[in-house]
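Thanks for coming. I will go through one model today, and the structure goes up on the screen now.

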Amino acid sequence: MIDQFKFRATSTRLLIVVVSAATAVSVGCTRGDMELPPSNETIVDSPHGKVHLEYDGSIGAEDVEGYYFSFIRGIEIDQQDNVVVYDGGLGNIRVYSPTGTLIRAHELPEGPGPGEFISGASGFSLSEDKRRILIYDENALRVTVLDYTSFDYINSFRLDETFYAKIDAGPDNTVMAVYTQLTLERMPLIHRFTEQGTKLAAFSGRHSRFVEFMDRELQAAYQVSFAQSDSLMFVSFSLPYDIRVYNRRYELVNRFHRRPEFFGRTVREGRWLFPSGYCTNIVVADNELVLQVVVNKREDEKWVHAFDFAGRDRGVQNMSGGEWGDSWYLDSDAVDSRGNVYGAAFRPFPRVIRFRVVSGER
């Protein structure tokens, strides 16, 4: 059965906990791992009020052609609010209407040549104007640009810094490459390119306490998440719990800091010892709202923290279980014109899920 988007609300728990906040400080820091001083850990409520998320439907089915997903690697929203999904397992791109109807699909050709992909690509985005598709193939170290309407090949360029990267659309139709702290060491983590491959800037170095956490916790959660608004860029670290805020001149203008002991100490999985909590990604849901997904591995829970651009608290919500499943993520680029946010769920089967952002206390 096709589980197209059904507009409905479900009951969720909204739990407010101590969330830190930072006051805005302007500095001229653009490279390396220079940072603002740690912010005060206090509760500061936003004048914009509390928010919560409500499940609003999904696209996906276990055995229906066109609606079966293998491994969702990216979700985008085009100018008509169509949902664009890249399936890395099946190697295709599909476009669905806002109500969940399949509009068109494109199979990515395999191979080493221009416009071809050695294996399932690891990065996917639409350009800022939504007219081109940006795909990163980590096996070829190559960003490929395709026409969104025809899927025709336009050009490609290499990323030479490291094999692992995520890509996002940058301002003025540029490409943002986001690297991990583990592979780049002390080089800048965020690199900005033209769509032809000319590097324009590099900023936001590795967190100064990264090695300390690697040594002490033996943790592998080294993901760096990137999201942006019309005027600001947000860089989030999985651990420690820090978000850096940059303006369009790559100047660090704010920092939100959370205690690393937010969810306790450590939890063991087999031979690996992880911190019991870490951040996975951030989403700019509208002009004054940032969502941060946090995993509590000790309790097998996922939470969404909401705060405004000044770091002030707008709510914390337990998103474990229920209709959205127990294995999912939100995509930093997938926000439609009404402010709804999209993500991928993987259990009990892969599907695209949508949440409504609702203002007011529950």
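**Core, pocket and loops**

Let me start with Trp328, which touches Val293, Lys302, Val304, Met319, Ala344, Ala345 and Ile353, leaving aside residues up to four places away in sequence. Keep in mind that this is a predicted model.

Trp328 also belongs to the largest nonpolar core, which has 18 residues. Along with Leu291, Val304, Leu330, Val341 and Phe355, Trp328 is among those with the most contacts inside that core. Which strands supply at least two residues each of this core? They are S2 (51–59), S21, S22 (289–296), S23 (301–307), S25, S26 (341–345) and S27 (351–359).

S25, residues 328–335, comes up again in the second largest pocket. Four residues of the lining come from S25, the largest share. S3 (72–77), S7 (123–126), S11 (166–170), S15 (224–228) and S21 (277–286) are also strands that each supply at least two lining residues. The pocket holds about 700 Å³ of space. Its lining has 29 residues, and those nearest the centre are Lys130, Gln228, Ser229, Asp230 and Asp333. By type, the lining divides into 10 charged, 10 polar and nine nonpolar residues.

Now the loops. Asp81 sits between S3 and S4 (83–87). Is Asp81 buried or exposed? Its relative accessible area is 12%, so Asp81 counts as buried, the cut-off being under 20%. Asp81 touches Pro98, Asp336 and Ser337, again not counting residues up to four places away in sequence. Tyr96 is 15 residues from Asp81 along the chain, and their C-alpha atoms are 9.2 Å apart.

Next, some backbone geometry. Most residues other than glycine have a negative phi, and most peptide bonds are trans. Tyr250, in the loop between S17 (241–247) and S18 (252–258), has a positive phi of about 65°. Tyr250 is buried as well, with a relative accessible area of 16%. Leu141 also has a positive phi, about 55°, and is found in the loop between S8 (132–137) and S9 (142–147). The peptide bond between Arg347 and Pro348 is cis, with omega about 5°; Pro348 lies in the loop between S26 and S27.

Last, confidence. The chain has a mean pLDDT of 80, with 77% of its residues at 70 or more. Over residues 6–42 the pLDDT is below 50, yet this stretch has 113 contacts in the model beyond near neighbours in sequence. Where pLDDT is low, the predicted coordinates should not be read in detail.

Note on methods: Residues are numbered from 1 along each chain as its sequence is written. This is a predicted model: local features need pLDDT of at least 70, side-chain atom pairs count only at pLDDT 80 or more; totals for chains, interfaces and linings use all residues. Side-chain values use heavy atoms; hydrogens and water are left out. On a 1 Å grid over the protein atoms alone, a cavity is a set of points where a 1.4 Å probe fits but cannot get out, and a pocket is an open set with protein on both sides within 12 Å along at least five of seven lines; lining residues have an atom within 4 Å of a point. Grid points are joined across faces, edges and corners, and a volume is the space filled by probe spheres set on the points. Ala, Val, Leu, Ile, Met, Phe, Trp, Tyr, Cys and Pro count as nonpolar, Asp, Glu, Lys and Arg as charged, and the others, Gly among them, as polar. pLDDT is the predictor's confidence in each residue, from 0 to 100. Contact means heavy atoms within 4.5 Å. A nonpolar core is a set of buried Ala, Val, Leu, Ile, Met, Phe, Trp, Tyr and Cys residues joined through side-chain atoms within 4.5 Å. Buried means under 20% relative accessible area, exposed over 50%, partly exposed in between (1.4 Å probe, protein chains only).
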